[in-house]
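Try each task before you read its solution.

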Amino acid sequence: MGNWLVNHWFSAAVLAAWLGINIFLFTYYFLFFDWDERYFYTRAILGSALAWARASAKCLNFNSMLILLPVCRNLLSFLRGTCSCCRRTLRKQLDHNLTFHKLVAYALALFTAVHTIAHLFNLERYNHSQQATDGSLPAVLSKMHLHGSNKWLNPIHSNQTTVEYVAFTTIPGLTGVIITLALILMITSSTEFIRRNYFEVFWYTHHLFLVYFAGLVIHGIAGLVRGQTEKSMEEVHPHRCAQYLTQKDEDCSHNCCKDPEFGSIPAESWKWVLAPFLLYIFERILRVWRGWQKVVVTKVVMHPGHVLELQMQKKGFRMEVGQYIFVNCPDISLLEWHPFTLTSAPEEDFFSIHIRDAGDWTGRLIDTFQQQMPRIKVDGPFGTASEDVFQYEVAMLVGAGIGVTPFASILKSIWYKFQQGDQILKTKKIYFYWICRETGAFAWFNDLLASLEQKMAESGKADFLTYRLFLTGWNNSIANNVALHFDTATDTVTGLRHKTIFGRPMWNSEFAAVAAAHPRSVVGVFLCGPGPLAKSLQKSCHQHSSLDPRKVKFYFNKENF
């Protein structure tokens, strides 16, 4: 429990800092635009909607600055490498990159809504003030465009102008509409259902971020919202002179008889987003350059369960266990890149991935490889939480379906370490859990597990790996066959020594057994699987970790793409 508190305290501190900055920016600029004397006349027309619009704009700029950083994968891999000697708690924060990316996106949606609603009120009040003929201060200020080019405060100069006309014909209005639509499309296409079933929709609509950033930079250039200039403030301060605007005589000789002058609020969104956007552009250029490097497909294997294995070679390619790559097949799509975990070990002279038919793109890729040898582009590798697996004395590896792929790399690497007599391996025990819906999914992994069983037995370390295979979908034929051959030495489903378990794991029992077997160890729990399973494992890590720093601790790690 102690490590859980430390990890969550650190994550909570990061979240609190982000929330604190947002609250500070919103509060500071809300009060600034609600009290500052330069905007006395602007507030006379707009009221508090001015402060709501400007404060939310500052928060939009701040979050737009952050939104790209969590998806700079090369930057994260670099930080993960430089933090290899840092505390485990610090490194684990990098695994929350996509969670933070989503939080920032939700904040953008919230502040966009506030900003948009506030400006709709502003436009309505601008329009109402322009049409007013009662001689009130807002009415007088709205007619000041008739007195000179620098004296207008209300951007609506005609009684025939409508709110809709301003929204769709001015630079701020049109870019605001475009930005909002782009944001709506990006967020709605990022739902779990769309990403799992229509990845292409998610991929293409997410590139509307280019439209979003272009619109954001242009949005404030026209400067429709204005305030009194510093020079004009010195000559005709509103506290002294505001009353003379509505009571001015034609032969006025007072110091306040001069009309105030107004200037636009400078556009500054570009100052916030320029550095992270350039960093992201550099990231994409690097990825494009790596993608154009030649990749040689050395072997293609079609496994049961419609799983395609590709073994490849690429000059200068170096990997660590648990890493992933992005793959593109120009024959299918020039623009689509899909992430796949590497299933090969760093000790091998090739790198490999296993691809399950899980959508249009993967289905077409498998069909293409069954007919010809298409060209493949590869970008990566990129780091994940699984890189830290050998930093733990004890590791629990949990894979669901094709989610076993990162652990194929880890188990292969262990096989090579045993073969080479590696004496510096820190890990002393691995528990491997694989949960599948159908028996065919086990087939391509059986050979590796069988080799590991044999190699560890030969090395005198038969107890190093304990694996448990769970089958969650079966029929009467499978059940009858298992019952008939229950006493055989090997499993009838997989052919391995450990018997397949029908049903789902009882995680409380599994964690309790591991805690009892390793009462003073640090246990790394690694998952590649769905969200509900992640919540269950995270809860078990929390429940079975001891508050005593000398006793067992469970650290939860999840693959994120």
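Predicted model: local features only at pLDDT ≥ 70, side-chain atom pairs only at ≥ 80, totals over all residues.

Residues are numbered from 1 along each chain as its sequence is written, and side-chain values use heavy atoms, with hydrogens and water left out.

**Exercise 1. Find where confidence is lowest and highest among the helices named here, H3 and H19.**

Step 1: start with the average, which is a pLDDT of 82 for the protein, with 85% of the residues scoring at least 70.

Step 2: Helices here are DSSP runs of H or I with at least four residues, strands are E runs of at least two, and both are numbered from the N terminus.

**Exercise 2. Trace the salt bridges made by Arg38, and say which parts the one to Glu230 ties together.**

Step 1: A salt bridge is a side-chain nitrogen of Lys or Arg within 4 Å of a carboxyl oxygen of Asp or Glu.

Step 2: pair Arg38 with Asp36, where the closest N and O atoms are 3.0 Å apart. Asp36 is buried at 18% relative accessible area, while Arg38 is partly exposed at 25%. (Buried is under 20%, exposed over 50%, partly exposed in between, with a 1.4 Å probe and protein chains only.)

Step 3: Arg38 also meets Glu230 in a salt bridge, 3.2 Å from N to O. Arg38 sits in the loop between helix H1 (2-35) and helix H2 (40-46) and Glu230 in helix H13 (residues 230-235), so this pair ties together parts 192 residues apart in sequence.

**Exercise 3. Work out which residues His544 touches, and which side chain gives it a polar contact.**

Step 1: leave aside neighbours within four places in sequence, and His544 is in contact (heavy atoms within 4.5 Å) with Asn508, Phe511, Ala512, Val552 and Phe554.

Step 2: pick out the side chain of Asn508, which makes a polar contact with that of His544 at 3.4 Å. Polar contacts are N or O atom pairs within 3.5 Å; within protein, one must be able to donate a hydrogen and the other to accept it, and residues adjacent in sequence count only if both atoms are side-chain atoms.

Technical notes:
pLDDT = per-residue confidence, 0-100.
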